[in-house]
Amino acid sequence: MAGQEHEQWASRVGFLLAAIGSAAGLGNIWRFSYVAGENGGAPFLIIYALCILFIGLPIVIAEISIGRNARGDAVLAFRHARPDRAWYLTGGMAVIGCFFILGFYGVIAGWSLKYFVSALSGHLWITDNYSTYFSGYIAQPIEPVIWQAIMMALTVIVVAGGIQKGIEAANRFLMPVLGLILVFLAGYSLTLDGASQGLAFLFAPDWSAFTRPSVYIAAIGQAFFSLGIGMAIFLTYGGYLARGHSIPRAAAIIVAGDTLLALCAGLAIFPAVFSFGLNPAEGPELAFITLPGLFQLMPAGKWLAILFFGLLVGAALTSMFSILEVPVAYFIRRTGLSRRTVTVALGIIIFSVGVPASLGYSVLKSASIGSRNILEFYDYAISNFLLPLGGIATALFTGWGWGKAKALEESDFHDSTIGKIWLFCLRFIGPIFIALAFFSVSFF
Ligand code: PHE
């Protein structure tokens, strides 16, 4: 068990804001918009919603329960729950996985910060060709790495501040601001001429997309990435949660919050994209190429750009705190060193793990894995393999390894029917569906 001084959230709202902040990030804005765009919009959205409900939500509940039960980090929590089995390897994989996730995430967070600062200073408007602007920017070896370092440094400062004074305080400030910006941007976008085409794209199903296996894989990968499950993040945050608050209710709020924020981002982006006759299926560059061009065409676009890229930076940060906290919690316990020392050391190491992903556009350009450059490979391998693998392990542990009675009790479900449905999802639906998606990845 962790020492008596194991920290705790100051309030339930603080925990919820931090957890929603963790889930809602670049995945909801940058990744959701391009993946939805590439996969035909509405059909993707329906499958995505089903994945969230029957796979994502049950795993969020499972993670928080395992963490709260042990009041400890990723590895300790699995060990505490089953000292006699090797389930702690799931936690170990999560701790290592977070190095890669945060490493690569920090690169895109750095691009976002660069765009935000350029929108503020006006530098963003020196061109009208954002394709060359963006590719010219990422092709420089030094500058992107500097912005990446600044984002990592900000993350380290907050996480070093601890749970209440660092992570909770930052989320309490950032989350309401981000929510307001997003609602404002979505509202504005919906008033544009031609917005209805964007809405149709998001909400009118094109049934043929349901027959494409790649849409299912994309949906499940996005569900995992957007919630950030499988990497013991909710488990670690749950480790700081006091008893007495219903976990299923908290998880439902977190998942609803994450989904709502992704939808709002979709509502902000697609109506505007269609209204200016642009292509929604631009790929990862959507946020950095299509949108700046769009802002340039819009009245008051310069202000909107500041809001949008500010939103991206803030949303990225609140997720970065949580990803860093997973290894920080583990290494504080293992090394006995102070939170500050551990956080700074890990920040530097993780930053270094991310640097090759940034350099993949410049000096390491020739280093490709298959058809992907380093960053694309990180993104693909993390969303489609690492997170689902961690998710399957967490689901199997809770469904089969923990013991039915214990799982139902620790999750606050007790003897309810809905608790049995929850276990069923963890035992069968999640693992089978994820395994199918795994196999099809290698075939299609
Ligand atoms: N969920 C976060 C987002 O949407 C990112 C994330 C991915 C966090 C994986 C943790 C693990 O941006």
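Before going on, a word on the model: it is predicted, with local features needing pLDDT of at least 70 and side-chain atom pairs counted only at pLDDT 80 or more, while totals for chains, interfaces and linings use all residues. Residues are numbered from 1 along each chain as its sequence is written, and side-chain values use heavy atoms, with hydrogens and water left out.

A polar backbone atom of Gly 27 is 2.7 Å from an oxygen atom of the ligand. Ser 226 brings a backbone N or O atom to 2.9 Å from a ligand nitrogen. How much of the ligand does the protein bury? Taken alone, the ligand exposes 320 Å², and the protein buries 100% of that; the areas are Shrake-Rupley values with a 1.4 Å probe, and for residues only the protein chains shown count as cover. In total, 16 residues surround the ligand, with Ala 23, Gly 27, Tyr 105, Phe 225 and Ser 226 the closest.

Now to the surface. A nonpolar patch there has about 920 Å² of accessible area together, and its members include Ile 46, Trp 400 and Phe 424. Two elements give two or more residues to this patch: helix 3 (42–70) and helix 18 (417–443). Helix 18 gives the most, with 5 residues. Helices are DSSP runs of H or I, at least four residues long, numbered from the N terminus. For the patch itself, residues need over 30% relative accessible area and no salt bridge, and nonpolar side chains are joined within 5 Å. A salt bridge would be a Lys or Arg side-chain nitrogen within 4 Å of an Asp or Glu carboxyl oxygen.

Phe 424 is in helix 18. Why is Phe 424 called partly exposed? Because its relative accessible area is 43%, and the class lies between buried, under 20%, and exposed, over 50%.

Last, some backbone angles. Most residues other than glycine have a negative phi. Arg 71, in the loop between helix 3 and helix 4 (74–81), has a positive phi near 45°. Ala 232 also has a positive phi, about 60°, and lies in the loop between helix 10 (213–227) and helix 11 (233–238). Arg 71 is partly exposed at 23% relative accessibility, whereas Ala 232 is buried at 5%.

Note on methods:
Patches are made of residues with over 30% relative accessible area and no salt bridge: like charges are joined within 9 Å, nonpolar side chains (Val, Leu, Ile, Met, Phe, Trp, Tyr) within 5 Å. Buried means under 20% relative accessible area, exposed over 50%, partly exposed in between (1.4 Å probe, protein chains only). A residue is near a molecule or strand if one of its heavy atoms lies within 4 Å of it. A polar contact is a pair of N or O atoms within 3.5 Å; within protein, one must be able to donate a hydrogen and the other to accept it, and residues adjacent in sequence count only if both atoms are side-chain atoms.
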